[in-house]
Amino acid sequence: MTAMLALEELTVRYNGQPALERVTLHVPHGAQVAIVGPNGAGKSTLFKAMVGLLRPQHGHVLVHGRPPGDQTDPVAYVPQREEIDWRFPVTVADVVMMGRYGRLGAVRRPQAADREAVARALDELSIAHLARRPIGELSGGQQQRVFLARALAQEPHVLLLDEPFTGVDASAKEALLGLLEVLRGEDITVLVSTHDMNTAATRFELAALLNQRLIAYGPPAEVFTPAHIGEAYGGQALFVGDMVVVDQCCPGHVGDGIAHRHSHTGEEKAP
Amino acid sequence: MIDWLTEPFALAFMQRALVAAVVVGLVCSVLGCYVVLRSMAFLGDALAHAVLPGIALAYLAGVDLLAGALVAALLVALGIGFLTRHGTVREDTAIGILFAAALSLGVLLISSTGSYATDLTHILFGDVLGVSTTDLWLTGGLAAAVLLAVALLYRELLLASFDPLLAHTLGRRPGLVLLALLVLLALTVVVSLQTVGVGLVTALLVTPGATASLLTQRLPTMMAVAAVVGVVSSVVGLYLSYYLDVASGAAIVLTATAFFVAAFFLAPHRGLVWRRLGDARPG
């Protein structure tokens with residue numbers, strides 16, 4: 001199996017602070033990988049380096065053996081909700097059409113193929129009836145679907161989803177997992193960053209445990225071992241018998257002895 | 001009534017003033033939509049004040065004042081881009097530093113020329129009634145160039161403003177696009193100097209766009225509505241200026257402000273009155 005997405009010794013630093021250290025990751029064509037790690041582990045940084053937003057200090061990203069910038073629409077990125085200005089005056093159809101801008105260039109008018117791709121993406125996410133609505137009027141789940149539709153309209157080879165399970169309800173989460181099943185049949189390689197170790201372990205064929213370094217990568221059963229989780233989460237992981245409880249709240253407060261009222265815990269049964 | 005409407009424009013200088021005010025109202029409003037959406041009001045203000053030293057130097061050197069203004073505005077626009085490029089200095093800090101420095105330099109230079117008070121008033125508040133035919137050609141040419149650039153760069157500006165991450169993903173250069181926007185803003189400020197002056201150009205950039213944002217839901221319609229508000233404000237402002245014998249720049253800006261206040265209270269869905277009524281209705 002040839003690796004279609006390859007990160008080689010990827011190192012990214014912000015103002016001298018390391019965010020990613022020598023991450024090497026080979027993802028085979030059509031695979032779906034969950035990227036799991038604590039807050040500040042570099043999950044978003046990893047994605048931003050993959051789309052060319054951050055230039056690595058060392059190492060490189062290759063899609064089909066070539067840098068991402070060389071090709072038309074190889075990688076589509078679905079950002080976290082907080083990164084979008086929801087008051088911006090654009091409709092759902094406007095946003096999804098942006099997915100075609102890579103093919104359209106600066107001034108060429110949308111062709112029939114572009115309009116069809118947009119319509120198909122809207123249908124696939126069941127939001128065709130919202131096409132003319134401003135994005136600010138939508139619910140959280142609908143807003144996420146708009147950006148998923150835009151990513152599909154790009155007809156990408158690699159799809160990056162940044163924390164797609166955060167802040168959506170259970171039905172939106174199931175809908176998204178259903179979409180991933182469909183994409184599996186379409187040979188799109190998918191990387192999903194998430195805090196949700198349960199979903200990562202049960203719904204993905206491959207998982208990567210990240211905390212600046214790549215701690216483990218492979219089938220979930222081999223990745224989510226107590227030793228690996230302890231290494232990734234440090235003081236945030238609590239071992240109770242054969243259970244591992246990971247506290248993922250409040251970066252900066254963790255481990256300094258301050259009790260936090262809003263802590264939410266993700267439990268993971270060690271295999 | 002017809003006489004009342006045509007009377008002011010029997011005079012040649014009023015005709016030139018009308019053309020200048022309409023052109024400025026149009027170009028400021030259209031570009032102003034990006035100023036509103038990207039929260040760049042402070043930047044627009046800074047660019048406007050930054051032209052002062054350029055004008056003063058041009059005056060001292062005996063070259064065209066608009067050329068001096070243009071060079072100064074471009075230098076400050078690029079300077080802000082340079083200081084904030086790698087996140088070394090926050091944007092509003094960089095703007096504050098360059099804004100104050102340029103304004104001080106301008107005042108310093110103008111005060112050395114000896115005709116401080118009168119010249120400064122013209123630069124600060126504009127003198128649309130003093131527009132010459134040459135000025136008009138220059139204003140029209142620059143405004144046409146800015147509007148053409150906004151049309152050609154529509155997708156690039158939209159991507160860079162709404163979702164720079166997607167722009168990167170698509171292999172675009174949003175950083176360069178933003179630099180282009182700064183240059184367009186500098187050109188627009190210079191075009192507007194004669195009409196509304198350094199002190200009021202920000203209002204013309206921001207107010208029509210803000211009014212339109214209350215009334216529209218898509219960027220193209222927002223730009224169209226802003227353009228109408230800007231142009232109508234310019235024309236109405238000129239009439240007010242003529243019949244009430246008040247400063248034209250201020251009359252134009254206050255007309256635009258009146259449109260904004262009306263939209264703020266009365267706009268469907270987003271106006272204050274509408275929302276109050278909506279709250280009062282049960283369910």
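Where in chain B is the place of D245(B)? This residue sits in the loop between helix 11 and helix 12 (248-266) of chain B. Keep in mind as you look around that this is a predicted model.

**Two residues with positive phi**

D245(B) has a positive phi near 55 degrees, although the residue is something other than glycine. H64(A), which is not a glycine either, has a positive phi of about 50 degrees. You can find H64(A) in the loop between strand 4 (58-63) and strand 5 (75-78) of chain A. Here are their accessibilities:

| Residue | Relative accessibility | Class |
|---|---|---|
| D245(B) | 68% | exposed |
| H64(A) | 37% | partly exposed |

D245(B) counts as exposed because its relative accessible area of 68% is over 50%.

**A nonpolar patch on chain B**

V228(B), V232(B), V236(B), L240(B), L244(B), V246(B) and F259(B) together make a nonpolar surface patch of about 530 Å². Helix 11 (residues 219-244) of chain B gives the largest share of this patch, with five residues. One residue to look at in helix 11 is L240(B). With a relative accessibility of 34%, L240(B) counts as partly exposed.

**Two packed helices**

Which helix of chain B does helix 7 pass in a left-handed crossing? The partner is helix 10 of chain B. Helix 7 (residues 133-152) and helix 10 (residues 174-215) of chain B pack with their axes 10 Å apart, at an angle of about 150 degrees. Helix 7 of chain B is therefore roughly antiparallel to helix 10 of chain B.

Definitions and conventions. Residues numbered from 1 in each chain as written. Chains lettered and ligands numbered in written order. Predicted model: local features only at pLDDT ≥ 70, side-chain atom pairs only at ≥ 80, totals over all residues. Heavy atoms only, no water. Patch = residues over 30% accessible without salt bridge, like charges linked within 9 Å, V, L, I, M, F, W, Y side chains within 5 Å. Areas by Shrake-Rupley, 256 points an atom, 1.4 Å probe, with all protein chains shown as cover. Salt bridge = Lys/Arg side-chain N within 4 Å of Asp/Glu carboxyl O. Helix = DSSP H or I, 4+ residues; strand = E, 2+ residues; numbered from the N terminus. Buried < 20%, exposed > 50% of the residue type's maximum accessible area, 1.4 Å probe, protein only. Axes fitted to C-alpha atoms, helices over the stretch in contact; angles between N-to-C directions. Parallel < 35°, antiparallel > 145°, perpendicular 65-115°, else oblique. Left-handed = near helix turned anticlockwise from the far one by under 90°.
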